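Open your viewer and keep the selection panel at hand. Each stop says what to pick and what sits there.

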Amino acid sequence: MLSLALERDAHDGLFPIHITLETEARIVALSGPSGAGKTSILKMIAGLLPPDRGHLSVSGSVLFDSDKGINLPAWKRRIGFVFQDSRLFPHLSVKNNLAYGRFMNGLPRDAAHEAHVIAMLDIQDLLARDTGALSGGEQQRVAIGRALLAKPRLLLLDEPMSSLDDKRKAEIKPYLLRLAAEGVPMIYVSHDADEIAELAGEVVSVDHGRAR
Amino acid sequence: MMEWLSLSPQEWQAVGISVKVAFWGTLASLPIGIALAFLLSRKRFPGRALLDALVHLPLVLPPVVTGYILLMVMGRKGVVGEFLATHFGIVFSFRWTGAALAAAIMGLPLMVRAIRLSFDAVHRRHEEAAATLGASPVMVFLTVSLPLAWPGIMAGAILCFAKALGEFGATITFVSAIPGETETISAAIYAALQTPDGETNVMRLALVSIAISFAALLAAQAMTRKNRSRQGGL
């Protein structure tokens, strides 16, 4: 269950942003033109961009509530974020990028889950490589794996498949659906109408920072 | 023919003191330099411009004035120096440790500038990604910002070392030039210049000084290049 009402006034060069969402849908898609404020909404949910007021709770856990003075920092929210640009750490190998979230959250090693994610994303051969030596699509697959292995309670995906080919998209989509069915809710930003229709249980249109 | 190039024991001593003073001065100022650079690069706070100016003050102040201030503050009768000597037995004035302190203060602006540029170049987006993966601000700093800025930090340390190696004005004002204790290469060159027929000694020490400084600058440049290529990687 995802419940949020977040508002941010116009400042720091950004237009005002407003989103209200109460949903049981496992995958919510945010759609809208470029520059509509979709990424800013994801950042507010992740705790990377402070809202001025509102509330946010995921599966009963309150992460932000301006009335009660609750505002968990990003690192305590357990909200995974797959960015449009992969943002892999250039000083760490692929393997260490993947292990980063588990290490930071003090999670025990789950070899089965790890093997499952690695196989699904087909990144086994990339593990020992430097991130700089990967193609855009490879980087994005590792970034998805990195977010998943941190075992987030909510996964935010900002056009995660824009740099993947159709074959890889087709492979990853069922996994995202399965992951959602297993209980990891997702908010998914995409321009691709087919992708949205295939994945999302609910679609929210965003325009000029207002979601409806 | 090349005999004039070999250093006398006293000259070796001056080279040794210079390297010791520059090494410890750099090492001691490194954590402070990193903290100041990070603060100035990432944080907005009241008094930031003042702190920035204070860090850079030794760069524009006559070194003798810096030495005099050190004498007033850290000397045996100085505000802090007397306290440290009475309660902890730590004495800086007329000791090589005082020379290291003077060198550290004179090298700090160069160090902070280089490290700050390096922190400026570390993409915030990597730090944001680390936070969404559960890294606390301290862990983001230790596991992302610091390693990515590392070549710049090394370049800053080398620049500080080179500056410390050539320090003269603040050092001689604060700790004088006591052979075997505080007489550095620069002080030895100055002393040799005052001595009749000291030109050969001056030339020898000058060559050593040029060699060490040149090597340090080349190392700093190599580090900066490495930093640039790393930052451009992703």
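How many residues does the contact take from chain A and from chain B? Select both sides and see: chain A puts in 24 residues and chain B puts in 19. Contact here means heavy atoms within 4.5 Å.

Before going on, some ground rules. This is a predicted model, in which local features need pLDDT of at least 70 and side-chain atom pairs count only at pLDDT 80 or more, while totals for chains, interfaces and linings use all residues. Residues are numbered from 1 along each chain as its sequence is written, chains are lettered from A and ligands numbered from 1 in the order in which they are written, and side-chain values use heavy atoms, with hydrogens and water left out.

**Stop 1: the interface**

Stay on the two chains. Between them, chain A and chain B bury about 1,900 Å². Carbon and sulfur atoms hold 68% of that. Buried area is the accessible area (1.4 Å probe) that two parts lose on being put together, summed over both.

Now pick Asp85(A) and Arg125(B). Their side chains form a salt bridge, 2.7 Å from N to O. The term stands for a side-chain nitrogen of Lys or Arg within 4 Å of a carboxyl oxygen of Asp or Glu. The count between the two chains is 3 salt bridges. Polar contacts come to 8 residue pairs across the interface of chain A and chain B, both residues at pLDDT 80 or more. A polar contact is a pair of N or O atoms within 3.5 Å; within protein, one must be able to donate a hydrogen and the other to accept it, and residues adjacent in sequence count only if both atoms are side-chain atoms.

Which elements give two or more residues to the side of chain A that touches chain B? Colour α2 (74-77), β7 (79-82), α3 (94-104) and α5 (136-149) of chain A. Helices (H or I, at least four residues) and strands (E, at least two) are DSSP runs, numbered from the N terminus. α3(A) gives the most, with 4 residues. By type, this side of chain A divides into 14 nonpolar, 6 polar and 4 charged residues. Ala, Val, Leu, Ile, Met, Phe, Trp, Tyr, Cys and Pro count as nonpolar, Asp, Glu, Lys and Arg as charged, and the others, Gly among them, as polar.

**Stop 2: chain A**

Select residues 38-46 of chain A. This is helix α1, and 8 of its 9 residues are buried, so the helix is largely enclosed by the rest of the structure. Buried means under 20% relative accessible area, exposed over 50%, and partly exposed in between (1.4 Å probe, protein chains only). Among the buried residues are Ile41(A), Leu42(A), Met44(A) and Ile45(A). Lys38(A) and Lys43(A) are buried too. Step just past the helix to Gly47(A), where phi is positive at about 95°.

Next, pick Ser57(A) in strand β4 (residues 53-58). Ser57(A) is buried, at 15% relative accessible area. Beyond four places in sequence, its contacts are Met1(A), Leu2(A), Ser3(A), Val62(A) and Leu63(A).

Move to Asp125(A), in the loop between α4 (111-121) and α5 of chain A. Is Asp125(A) buried or exposed? Asp125(A) is exposed, at 68% relative accessibility.

**Stop 3: chain B**

Of its 234 residues, 46% count as buried.

Zoom to Ile189(B) in helix α9 (residues 185-193). Ile189(B) is buried, at 17% relative accessibility. Leaving out residues up to four places away, Ile189(B) touches Val202(B), Leu205(B) and Ala206(B). The C-alpha of Gly47(B) is 41 Å from that of Ile189(B).

Finish with two loop residues. Phe94(B) sits between α4 (79-88) and α5 (96-121) of chain B. Phe94(B) has a positive phi of about 60° although it is not a glycine, and is partly exposed at 44%. Asp197(B) lies in the loop between α9 and α10 (199-231). Asp197(B) also has a positive phi of about 60° without being a glycine, and is exposed at 68%.
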